[in-house]
Amino acid sequence: MRQFWKLFHSTALTAMVLVILFLSLTTAASVPSDQIFQYIDEHQNEYVERLKDWVAIESDSNDASKRHLVMNMMLLAEERIRKLGGTVEMVDLGMQELPDGNKISLPPAVLGNITKDPKKPTVCFYGHMDVQPAKIEDGWSTEPYTLTEKNGNLYGRGTSDDKGQVLAVLNAIEALQKHELPVNIKILLEGMEEVGSPGLNTLIEQRNSTFFSDVDYIVVTDSSWLSNKPGITYGTRGVGQFFVEVECAKYDLHSGTFGGILHEAMSDLIFLLNTLVDSSGHILIPGIYEAVAPLTEKEKKFYEETEYDPDQIKAKYGIKQFLNKTKEELLMLRSRCPSLSIHGIEGAFSEPGTKTVIPAKVTGKFSIRLAPNMELSVVEKQVTDYLNKKFTERNSPNSIKLTCHRGAKPWLSDTDELQYLAARKAIKRVFGKEADFIRAGGTIPIATQFQDVTRKSIMLLGIGGPDDAAHGQDEKISRNNFIEGTKLYAALLQELAAL
Ligand SMILES: *[C@@H]1O[C@H](CO)[C@@H](O)[C@H](O)[C@H]1NC(C)=O
Ligand SMILES: *[C@@H]1O[C@H](CO)[C@@H](O)[C@H](O)[C@H]1NC(C)=O
Ligand SMILES: *[C@@H]1O[C@H](CO)[C@@H](O)[C@H](O)[C@H]1NC(C)=O
Ligand SMILES: [Zn+2]
């Protein structure tokens, strides 16, 4: 009997140990992040070479004469997705009418589908393959379309915005596939983001009940961090563009002949522009702050925890003083409050030297960044009523004409959505840090478009740093961000699968 119990005991113990061993082995096998991270490290030079090939294509969507290069870029992306074993559809987006009336083809959108197991979650990545214009004469230190590595940074147009980030996603998928891709992947890439994504919204609408129907999470790569701390963006501001035109004569006039005898358009315009914002940055248009979403406790905590160094930014850009002092106040002003900026005056004399001209017609251009919950149609009415009232007070015989260009709407997501949790865990795993939760001051129209049409969970997760100069000279991504960012996307997909 004792013998039996002893034997039973040890068999049970052995079985238990085996079960535990088996369980730990299987969980390790489904999340072998060390091996995947090691694989990514070992292949980093290959990833940089791929980025070099992508950067070499001048896929400038602004310049119609470069349209074939954007097309080539879309084909290169298609080829990369096919190599991952996915099916790819190149979707014709129709024609673009140029300012001279000519029409040219829009580059096709790329729809990639790597679906292996319908029971697994499906993650859809969005990114763009076109770039802003860049010429070495603009003041670049290196050839913009030749990827150049210097001091740990990879310089070149598109390295950060957005070729490098898209490539990091595709490289992460490839690395995961060496073991097992834990989720299904869909990819939407476009070639006209930098000029407002013509045709894209229609595509999303048309494919809502097919391509997007089984998508669980949408991840937009086209964003960057606020500091060297990795950040997840959960909100953006919208924008409305305004034009106010004042005309005082049919022809430009000589100030020696007409100066002192008429109401000048330029003086009227400057008067109007100067009624928009006071010296503390407060917008003077009545009602403009009414719709702004109230500050929540959770949000307040994000501002406190976010890394953002006003002194360093002031020093870098040569700014004497910001309108408010603390990091928290500045973060709120740039992301959760509206702002009004005056950009320029068309028709004004702006060359060096003197010209004694009275411009006949001038157009002031300003924009309002819209905070979440603000509606452009409401803002447009508020601006129109206010400027008309101010102009009446001015008592000028001239007339004003106000126009507003439809801009993008603001976007705000909920950081409690599951994919935010997954991204937060992935950041912790790769970088050993808590993520910053960012509300971007800029505008990412695609986020609102996805939200309005698909009604899916949307998150902005880029890997570019705060000083990558996305649209400027010497655009770069650091090798570290490119490679660790590849690990981040791999870890994100694993965390999403484990939810
Ligand atoms: C994606 O691929 C899977 C597997 O090949 C297929 O069943 C599914 O219909 C595809 N979906 C789309 C929208 O192409
Ligand atoms: C798009 O499809 C989703 C379901 O996947 C649905 O909830 C949503 O209402 C659809 N959008 C439109 C505009 O039909
Ligand atoms: C910025 O400072 C002004 C006072 O100068 C204050 O009224 C305002 O509330 C501050 N803004 C924020 C977002 O803290
Ligand atoms: Zn971009």
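The following legends describe close-up views of a predicted model. Residues are numbered from 1 along each chain as its sequence is written, and chains are lettered from A and ligands numbered from 1 in the order in which they are written. Local features need pLDDT of at least 70, side-chain atom pairs count only at pLDDT 80 or more, totals for chains, interfaces and linings use all residues, and side-chain values use heavy atoms, with hydrogens and water left out.

View 1. S223 is located in the loop between β9 (217-220) and β10 (231-236); strands are DSSP runs of E of at least two residues, helices runs of H or I of at least four, numbered from the N terminus. Because its relative accessibility is 11%, S223 counts as buried (under 20% relative accessible area, 1.4 Å probe, protein chains only). Beyond its neighbours within four places in sequence, the contacts of S223 include Q165, T233, I444 and L460 (heavy atoms within 4.5 Å).

**View 2. The side chain of S223 and the backbone of G462.** A polar atom of the S223 side chain lies 3.2 Å from the backbone nitrogen of G462.

**View 3. Site of the zinc ion (ligand 4).** H128 (NE2), D161 (OD), D222 (OD) and D222 (OD) coordinate the zinc ion (ligand 4) at 1.8 to 2.6 Å. Donors are N, O and S atoms within 2.8 Å of the metal (3.2 Å for Na, K and Ca); water is not among the atoms, so sites may look incomplete. Along the chain, the donors follow the spacing H-x32-D-x60-D. D161, in the loop between β7 (153-155) and α5 (163-177), and D222, in the loop between β9 and β10, are 61 residues apart and link distant parts of the chain. Both D161 and D222 are buried.

Conventions. Buried < 20%, exposed > 50% of the residue type's maximum accessible area, 1.4 Å probe, protein only. Polar contact = N/O pair within 3.5 Å; in protein donor to acceptor, adjacent residues only side chain to side chain.
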